[in-house]
Amino acid sequence: MAGRRVNVNVGVLGHIDSGKTALARALSTTASTAAFDKQPQSRERGVTLDLGFSCFSVPLPARLRQMLPAPEAVPEVGPESEEPQLQVTLVDCPGHASLIRTIIGGAQIIDLMMLVIDVTKGMQTQSAECLVIGQIACQKLLVVLNKIDLLAEGKRQAAIDKMTKKMQKTLENTKFRGAPVIPVAAKPGGPEAPETEAPQGISELIELLTSQISIPTRDPSGPFLMSVDHCFSIKGQGTVMTGTILSGSISLGDSVEIPALKVMKKVKSMQMFHMPVTSAMQGDRLGICVTQFDPKLLERGLVCAPESLHTIHAALISLEKIPYFRGALQTKAKFHITVGHETVMGRLMFFSPAPEHFNHKPVLDSFDFSREYLFQEQFLCKDLAPADNSKADQQSGKTTDGHCPQQQWALVEFEKPVTCPRLCLVIGSRLDADIHTNTCRLAFHGTLLHGLEDKNYAESFLPKLKVYKLKHKHGVVERVMDDCSVIGRSLFKKETNIQLFVGLKVHLSTGEMGVIDSAFGQSGKFKVHIPGGLSPESKKILAPVFKKRGRAGRREVAREEEGTEQPEPSQPVTLSLTFKRYVFDTQKRMVQSP
């Protein structure tokens with residue numbers, strides 16, 4: 001077990017100016033090439049613009065040693081005599097609202113999240129968004145109340161206690177209920193204060209972090225996939241791509257592909273925080289050196305095992321609405337779609353199981369093309385405020401009976417192709433919303449179940465997707481022809497080609513089933529054949545029009561065509577026509593259940 005190092009990624013998230021980078025600096029003993037706002041633009045503006053990476057190590061706690069995987073699965077780093085180390089990689093995320101897509105990218109590679117709160121301000125807009133992202137992408141959280149040095153000494157403990165209670169109440173309705181809250185001062189006196197001012201509460205925070213961390217499940221099998229966040233050249237050596245391994249493992253000499261560029265390269269050397277390694281696996285922070293590659297071609301993106309990733313133009317996703325997002329998720333609406341580590345615009349079409357399957361358990365790793373699905377004008381949800389009437393219910397996306405399906409899907413059509421793995425995280429946002437309003441811009445999250453690689457997927461693939469609209473039409477029986485035939489009206493418009501509906505079943509409100517036989521005249525009326533004939537009760541209801549029917553002939557048809565109104569039953573008998581029309585059926589057929 002000597003010399004083994006277990007890596008755990010801890011995200012540092014929070015509102016801008018809550019002191020995240022100062023906290024990462026206070027905790028870290030080793031910095032990567034992209035730590036502590038090394039970017040010139042970051043220094044110029046005084047804010048974090050990109051993901052920063054740094055780390056510290058502590059002896060692996062005894063409770064974690066027994067959870068270690070087989071020796072060959074964990075990289076050996078450093079001298080043989082060293083005892084096992086827990087390496088905590090800190091992922092310092094930006095806090096500015098405009099950089100939310102970078103924050104989402106950072107959240108997908110972390111095992112535990114530190115939510116940094118300015119103790120003098122409490123929860124702010126981006127603190128809330130970071131909490132939402134954490135709920136989607138992370139399993140564990142701890143809250144760091146920073147800048148306690150700014151509190152008046154006499155009232156400090158009371159202010160910390162008050163903010164701790166507030167944060168615990170905020171977390172009550174999340175999966176992080178009961179998460180620990182700890183006070184610190186990462187940079188006493190603020191950014192301009194001399195370095196002689198020692199941070200407060202850092203050793204306690206390291207102790208708390210160590211107690212909260214568990215060894216994540218790491219799987220070295222499967223295709224290698226790495227999220228690259230920085231790319232730069234080193235004179236005389238080559239180009240270094242630094243990132244976090246999302247799946248699989250890699251060894252020196254392996255070939256990797258940069259799928260967005262269709263470029264293959266051989267791994268010349270590898271490092272973890274300046275220490276050479278010969279292999280690395282899922283969860284590790286890694287730098288890969290390749291030769292003859294221009295770093296300007298890859299600012300950030302994915303690197304993978306050759307031919308293991310595909311570029312897609314559209315996707316089928318399973319999704320859930322984020323409760324804090326105000327408003328409905330409408331079909332045909334456009335959202336910023338973060339797929340894996342790319343963000344592009346996408347248009348959505350929502351659909352759900354057929355109503356009789358609303359209670360089926362969700363299936364989160366596959367999509368069944370043999371089933372039929374019901375088209376939705378919007379995502380159905382129960383979490384919106386009660387509406388006053390059914391029209392408001394429909395506009396809000398809330399079902400009038402409060403019955404929602406266990407699982408819903410969407411077809412997402414991307415404005416430009418994206419390269420991503422199957423079953424990756426998908427987050428939909430409205431990043432164009434005003435960042436100064438106190439609203440959540442994250443709308444939904446889900447899983448990518450099926451990617452459509454063919455550029456002409458609308459013709460080649462979508463007809464296989466059996467999403468239907470349920471159509472209902474209502475009319476009335478105008479009069480009776482004989483015991484087995486009636487004339488109907490008000491089901492179609494005058495200009496409708498009734499021939500398309502011939503053979504479809506209609507139901508009379510008196511209980512009989514009929515079949516549309518033909519058009520009747522030119523005014524949208526039609527003849528219905530009733531195979532079983534009208535019942536005696538129906539004849540009584542329709543009695544007035546039977547009497548008027550005695551001298552039927554050409555003269556009567558002529559009167560029909562002229563639009564002369566005929567006597568109706570004293571109690572109107574209605575006709576209802578129900579059929580399915582499949583959204584992607586090129587022939588626009590109307591289908592009825594047998």
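Reader: Where does K332 lie?

Author: This is a predicted model. In it, K332 is in the loop between β18 (310-321) and β19.

Reader: Why is K332 called exposed?

Author: The relative accessible area of K332 is 63%. Exposed means over 50%, so K332 counts as exposed.

Reader: What makes the phi of K332 worth a remark?

Author: Most residues other than glycine have a negative phi. K332 is not a glycine, yet its phi is positive, about 80 degrees. S490 is also not a glycine and has a positive phi, of about 70 degrees. S490 is found in the loop between β26 (485-489) and β27 (505-508).

Reader: Why is S490 called partly exposed?

Author: Buried means under 20%, exposed over 50%, and partly exposed lies in between. S490 has 43% relative accessibility, so it counts as partly exposed.

Reader: Which residues form the positive surface patch?

Author: The patch is formed by K332, R347, K469, K471 and K588. One of them, K471, has its place in strand β25 (residues 467-482).

Reader: How many salt bridges does the structure hold?

Author: The structure holds 10 salt bridges. One is between E415 and K334, where the closest N and O atoms are 2.7 Å apart. The two residues come from distant parts of the chain: E415 is in strand β22 (residues 408-420) and K334 in strand β19 (residues 334-339), 81 residues apart.

Reader: What makes the contact of E415 with K334 a salt bridge?

Author: The side-chain nitrogen of a Lys or Arg must be within 4 Å of a carboxyl oxygen of Asp or Glu. The closest N and O atoms of E415 and K334 are 2.7 Å apart, and the pair forms a salt bridge. As for cover, K334 counts as partly exposed at 34% relative accessibility.

Reader: Which parts are tied together by E372 and K580?

Author: The side chains of E372 and K580 meet in a salt bridge, at 2.7 Å from N to O. E372 lies in the loop between β20 (342-353) and β21 (373-376), and K580 in strand β30 (residues 574-582), so the pair ties together parts that are 208 residues apart in sequence.

Reader: Is K580 buried or exposed?

Author: Buried means under 20%. K580 has 17% relative accessibility, so it counts as buried.

Reader: What salt bridge does R589 form?

Author: R589 forms a salt bridge with D585, and their closest N and O atoms are 3.0 Å apart. D585 is buried, with a relative accessible area of 10%, whereas R589 counts as partly exposed at 46%. Elsewhere, E478, R489 and K525 are linked in a network of salt bridges.

Reader: Why is helix α5 called mostly covered?

Author: In α5, 10 of its 13 residues are buried. Among them are T125, C130, V132 and I136.

Reader: How do you know that the span of α5 is close to the expected one?

Author: Helix α5 (residues 125-137) reaches 19 Å from its first C-alpha to its last, and 18 Å is expected at 1.5 Å a residue.

How values were computed: Residues are numbered from 1 along each chain as its sequence is written. Side-chain values use heavy atoms; hydrogens and water are left out. Patches are made of residues with over 30% relative accessible area and no salt bridge: like charges are joined within 9 Å, nonpolar side chains (Val, Leu, Ile, Met, Phe, Trp, Tyr) within 5 Å. Accessible areas come from the Shrake-Rupley method with a 1.4 Å probe; for residues, only the protein chains shown count as cover. Lys and Arg count as positive and Asp and Glu as negative; His and the chain ends are not counted. The place of a charge is taken as NZ of Lys, CZ of Arg, CG of Asp or CD of Glu. Helices (H or I, at least four residues) and strands (E, at least two) are DSSP runs, numbered from the N terminus. The expected span of a helix is 1.5 Å times one less than its number of residues. Buried means under 20% relative accessible area, exposed over 50%, partly exposed in between (1.4 Å probe, protein chains only).
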